[in-house]
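Trainee: Hi! Could we go through this structure together?
Mentor: Happy to, let's have a look.

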Amino acid sequence: MRPIQMVDTKSQYLKIKTEVDAAIQEVLDSAGYINGKPVQEFTVHLNTYQNCKNTIPCANGTDALQIAMMALDLQPGDEVITPSFTYIATTEVVALLKLKPVFVEVDPKTFCIDPQSIRKAITPRTKAIVPVHLYGHAAPMEEIMKIAAEFGLYVIEDNAQAIGCDYTFSDGTKKKTGTIGTIGTTSFYPSKNLGAYGDGGAIFTNDDTLAVKIKMIANHGQQKRYYHEMVGCNSRLDSIQAAVLNIKLRELDHYNAARQKVAETYNRAFATNEKIITPFVAPYSNHVYHQYTLVLNGSNRDGLNAYLSEHNIPSMIYYPVPGHRQKMFASFGLPEYDLKVTDWLTERVISLPVHTEMDEEQLTYITGHVLNYIK
Ligand SMILES: *Cc1c(COP(=O)(O)O)cnc(C)c1O
């Protein structure tokens, strides 16, 4: 059996090696390392894929979040509502900009931000909501947008884990996650569903005025070279990464389908085990399985983690410490949070390998060992 990995970017690369190598060589030959033709092309292709009005590439998914918040002119002390149950980048950026993170609960089934919890957290200082489409499943955007409209709040969708995911509104219309809120962001970190061979990120918005500002902020606050109208930063997607992403974007739907196939195999294997809760898919979302995450109810999660590891099966806890318990925020004078769902999930979630290069033999080996441990 081929060794099992959490992600296998190498095997995936080998299938597109000829094309990728040629595209990288072309960048080297052109010497257009920064803002070269592949960056322009990828931006157009991604914008078309997302069916969005504006796509702005940048250096990584964390920068994308930071630039989004800078573009909205949020002021120190403004409150930003985010789930505690997420990757740290989302809330770190809030703190970095001296905004106040306000942690709320997630839905125990979808792992995404809970609209009821958002409502309870709104104060006169609230300026924005940052839903995260965690593990590749959409947050309940229709309800979130309704709350945002009611209270005049911005919505920044952290779409780093869900590129390719479709959200279906109650009237049947569909939109790509990342294009529904005021601004959406994503990451091309190598292990993401659309992964580069280095860092990368992008920002989406249907607001043309905001798009101009976002572009400026990502480029030292300038539109005209050396005329800096506002404080910005330096955040670029480089040409080599864009050349790689251009090729991989064409495969994205196949990649996500391959992840869904892995998830279906896992779901079937675990369906009748009452101690294993398999991922829920809400009627308004499909699932692109950036992670395949189980909730173990009545079984020893850390024990399973260790048992799998002994049998050369990697598994991960995403994430072992929720935002509201991170030391990072100790000096922020945050209130004593009581986030029961978040704490409950933190103790019970475990993510199994899911990627585009898994075979039946590996899946049988993994499901066999999981079921061997959880009887
Ligand atoms: C990966 C990730 C980010 C950050 O992306 P980078 O490109 O690593 O900066 C932000 N939010 C979430 C939810 C992520 O998974």
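Trainee: Where does Asn159 lie?
Mentor: Asn159 is in the loop between S5 and strand S6 (166–168); strands (E, at least two residues) and helices (H or I, at least four) are DSSP runs numbered from the N terminus. Keep in mind that this is a predicted model, where local features need pLDDT of at least 70, side-chain atom pairs count only at pLDDT 80 or more, and totals for chains, interfaces and linings use all residues. Residues are numbered from 1 along each chain as its sequence is written, and side-chain values use heavy atoms, with hydrogens and water left out.

Trainee: Is Asn159 buried or exposed?
Mentor: Asn159 is buried, at a relative accessible area of 0%. Buried means under 20%, exposed over 50% and partly exposed in between, with a 1.4 Å probe and protein chains only.

Trainee: And what does Asn159 touch?
Mentor: Not counting residues up to four places away in sequence, Asn159 touches Gln50, His133, Thr177, Gly178, Thr185 and Thr186 (contact means heavy atoms within 4.5 Å). With Thr177 there is a side chain to side chain polar contact of 2.8 Å. A polar contact is a pair of N or O atoms within 3.5 Å; within protein, one must be able to donate a hydrogen and the other to accept it, and residues adjacent in sequence count only if both atoms are side-chain atoms.

Trainee: Switching to the ligand, which residues are around it?
Mentor: Among them are Asn60, Tyr87, Val132, Asp158, Ala160, Ser187 and Lys192, where near means a heavy atom within 4 Å.

Trainee: Which ligand atom does the side chain of Asp158 lie 2.7 Å from?
Mentor: A nitrogen atom of the ligand, reached by a polar side-chain atom of Asp158. Ser187 has a side-chain N or O atom 2.7 Å from an oxygen atom of the ligand, and for Lys192 a polar side-chain atom lies 3.1 Å from a ligand oxygen.

Trainee: How much of the ligand does the protein bury?
Mentor: The protein buries 92% of the 380 Å² that the ligand exposes when taken alone; accessible areas come from the Shrake-Rupley method with a 1.4 Å probe, and for residues only the protein chains shown count as cover.

Trainee: Last topic, what's the strand order in the sheet?
Mentor: This open sheet of 7 strands runs S1-S9-S8-S5-S4-S2-S3, with mixed pairing; two strands pair if DSSP finds at least two bridges between them. Strand S1 (54–58) and strand S3 (100–104) are the edge strands, each pairing on one side only.
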